[in-house]
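Morning, everyone. Please look at the structure on the screen while I talk.

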Amino acid sequence: MADVVELQKAILGLSEAEYTELRRWLVDEDWERWEREFEEEVRAGKLDALAAEALEAKAKGELTSL
């Protein structure tokens, strides 16, 4: 946990431009990790039930526009 505290202190010392760059990097990194996890879950079949449910609702005409 000491590493996290050290990182937090370092972040507080960043210039506005450095902080903005860090935030942009974190958002990109977060998105990439989420996408990898999603792809792994799809390959593992963890979302098959949701896909089947959506296809069934579509076939019944039960879907609504967002």
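Predicted model: local features only at pLDDT ≥ 70, side-chain atom pairs only at ≥ 80, totals over all residues.

Ile11 has 31% relative accessibility, so Ile11 counts as partly exposed.

Where does Ile11 sit? In helix α1, which covers residues 2–12. Together with Leu7, Leu14 and Tyr19, Ile11 forms a nonpolar patch on the surface. The four share about 320 Å² of accessible area.

Now pick out Lys58. In sequence, Val4 and Lys58 are 54 residues apart. In space, their C-alpha atoms are 47 Å apart.

Next, charges. How many salt bridges does the structure hold? There are 2.

Take Arg33 and Glu29. They form a salt bridge, and their closest N and O atoms are 2.9 Å apart. Both residues lie in helix α2, residues 16–43. Why are they about one helical turn apart? Because they are 4 residues apart in that helix. And what about cover? The cut-off for exposed is over 50% relative accessible area. Arg33 has 51% relative accessibility, so Arg33 counts as exposed.

Now Lys60 and Glu56. They form a salt bridge as well, and here the closest N and O atoms are 2.9 Å apart. Is Lys60 buried or exposed? Lys60 has 53% relative accessibility, so Lys60 counts as exposed. Its partner falls in the middle class. Glu56 has 45% relative accessibility, so Glu56 counts as partly exposed.

Last stop: helix α3. This helix runs over residues 48–59, which makes 12 residues. How far does helix α3 reach from its first C-alpha to its last? The answer is 16 Å. That is close to the 16 Å expected at 1.5 Å a residue.

We saw 2 salt bridges. Thanks, and I'm happy to take questions.

Methods: Residues numbered from 1 in each chain as written. Heavy atoms only, no water. Patch = residues over 30% accessible without salt bridge, like charges linked within 9 Å, V, L, I, M, F, W, Y side chains within 5 Å. Areas by Shrake-Rupley, 256 points an atom, 1.4 Å probe, with all protein chains shown as cover. Salt bridge = Lys/Arg side-chain N within 4 Å of Asp/Glu carboxyl O. Helix = DSSP H or I, 4+ residues; strand = E, 2+ residues; numbered from the N terminus. Buried < 20%, exposed > 50% of the residue type's maximum accessible area, 1.4 Å probe, protein only. Expected span 1.5 Å × (residues − 1).
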